[in-house]
Amino acid sequence: MTISSWRRVMTVVFWVAVALVAAAQLWIVLQGTFFMRLWEDEAFNLTVPINLVNGLGYTSDGTLSGSQLTPFDPRISTGPVVLLPIAAVIALGADPVIGGRLVIMAFYAALVVGLWRLGDRLGGRWAALAVVCVPLGWNTWNSGSAIQSPVDILGEVPAAALLVWAFVVLRKKPWLAGLLIGLAMQTKLLGALAALPIALAIYLLADDGVIRRLLRVVLCALVAVIPNALYELWKLVALGPETYWTNLREFYWFFRSGGQNIDPVAPMKKLAALGNGWFSPTWLTILFFTAILAAVCIAVLRRPVQEFPEGSDAGSNYRELTAYALSAVVGFVIWCGWWLTSTQTPNWPRYAAMAMYIFVPIIVAAAIRALGEQWRTRPWGARSRFAAGAVASVIVITLGAQTWGHLRIADQSRFGEALADQRVIAAEVAEANLDVIVTEWGPTVSIIVLAGAHAALNDVPEWNGTPELRQNWDLSEDGLEAFASTLDEECGDVPVRTDRYALCFPS
């Protein structure tokens with residue numbers, strides 16, 4: 001086969017692969033938007049834009065903060081960069097769930113486009129195709145605090161999108177990279193962990209002397225402060241000084257602890273979760289990371305920059321590859337280091353998700369770039385090309401396995417119920433025309449929010465005597481009998497009653 005024929009074949013293969021990946025992405029986000037159940041963290045976040053549209057200000061239901069309406073609730077870790085656009089969409093008449101998820105879908109589209117741009121810049125079109133698959137590989141679906149799909153009404157995906165675009169623009173517009181960092185922090189505060197890797201990339205990619213490079217980094221940092229300062233000023237004016245300081249202390253506790261009072265989680269347990277938290281077998285995941293890190297190290301270490309003439313395209317391209325690869329590795333280490341040492345936070349893969357969405361794709365792109373150069377230049381002969389081919393095979397197989405694993409759960413819902421099932425129950429609950437309904441933290445919170453009521457916890461004394469939405473976790477015959485018996489003993493009236501839910505008016 002001639003070189004031109006081989007290129008035509010590979011072009012066809014590439015576009016077939018693009019079509020398959022696009023179909024997979026579309027299937028996952030459509031299922032997540034229109035069919036996946038609304039889980040309680042999403043519902044809790046939605047109370048802010050719903051209350052804002054209803055004239056209650058930037059206020060949550062306070063379900064986890066004393067079960068009172070709570071302005072600037074510290075337990076709402078998803079920030080105004082996400083919740084204000086959702087409020088605007090709801091104000092225009094959109095359904096809160098679908099409208100909110102469509103806003104997140106726009107952020108996810110921005111994440112995919114940004115990763116494609118970075119992948120194409122660093123390693124060409126095959127790297128671009130590979131990196132847009134990486135976010136699908138991290139398995140956050142079945143944990144205590146999940147990201148069910150990339151369009152959940154949460155802050156991780158939008159913050160990752162903003163930070164990926166900070167990497168895209170940082171070389172020419174460090175001020176814009178700083179603005180995106182600040183917005184990411186007002187989407188999810190953990191986005192601050194990406195500031196140092198981005199600053200490192202700005203410094204390494206600048207063409208000026210040391211002083212001017214540092215000035216570019218300082219400019220980025222100063223602009224990053226602006227969105228955060230404006231939000232804190234908004235809080236200060238809205239809450240007043242005394243309440244503002246109380247809010248800050250509560251937020252600090254929540255950020256440090258994840259809002260959980262738990263026994264410390266051993267770092268080794270979290271380290272094991274890093275290997276097990278993918279839609280691929282653990283052994284394949286370890287092999288994948290070993291291969292891409294080895295490829296990056298070879299690319300960076302075996303060619304010092306001084307081999308290239310000053311200002312040459314080869315030298316510039318190599319410096320770009322080195323800067324992005326080094327920044328991504330540093331970012332990944334910082335993020336994982338924080339997660340491993342924050343023993344007071346639960347072992348939930350959601351905490352590490354942003355690192356997997358931002359830094360792992362960049363490392364993969366750099367590895368593919370290294371493999372391409374290894375294949376073309378053949379500095380070590382046939383063995384070198386064989387090694388490059390083997391690493392490329394590991395990357396393809398791993399990303400394929402992870403994408404397929406995500407596809408397999410894309411049309412499933414936690415607890416065996418879909419959004420449509422929740423809406424049916426919520427419509428029945430709404431007929432009771434209640435302003436406040438108490439419950440325990442869990443899926444019932446979503447039903448209450450969908451029903452248009454405020455959700456309060458049933459252990460708050462102030463709400464004693466308030467109708468309660470209960471859930472039956474055991475759908476076996478014995479479980480159903482026990483649930484029915486409890487309702488008969490403790491409830492005076494049960495206007496809504498199914499195998500899974502019941503609205504209990506106290507006797």
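1. Cys297 counts as partly exposed, at 43% relative accessibility (buried is under 20% relative accessible area, exposed over 50%, partly exposed in between, with a 1.4 Å probe and protein chains only). Its closest cysteine sulfur, in Cys336, is 16 Å away, too far for a bond. Cys220, at a relative accessible area of 4%, is buried.

2. This is a predicted model, in which local features need pLDDT of at least 70 and side-chain atom pairs count only at pLDDT 80 or more, while totals for chains, interfaces and linings use all residues. Residues are numbered from 1 along each chain as its sequence is written, and side-chain values use heavy atoms, with hydrogens and water left out.

3. The protein chain averages a pLDDT (the predictor's confidence in each residue, from 0 to 100) of 88, and 93% of the residues score at least 70. Over residues 304–315 pLDDT stays under 50. Where pLDDT is low, the predicted coordinates should not be read in detail.

4. The whole structure holds one disulfide (a pair of cysteine sulfur atoms within 2.5 Å). Cys491 and Cys504 form the disulfide, with sulfur atoms 1.9 Å apart. The torsion about their S-S bond is about -115 degrees, so the disulfide is left-handed. Both Cys491 and Cys504 are buried.

5. Helix H8 (residues 174–185) has twelve residues and should span 16 Å at 1.5 Å a residue; its end C-alpha atoms are 17 Å apart, which agrees. The expected span is 1.5 Å times one less than the number of residues. Helices (H or I, at least four residues) are DSSP runs, numbered from the N terminus. Among the buried residues of H8 are Leu180 and Ile181.

Technical notes
Contact means heavy atoms within 4.5 Å. Helices (H or I, at least four residues) and strands (E, at least two) are DSSP runs, numbered from the N terminus.
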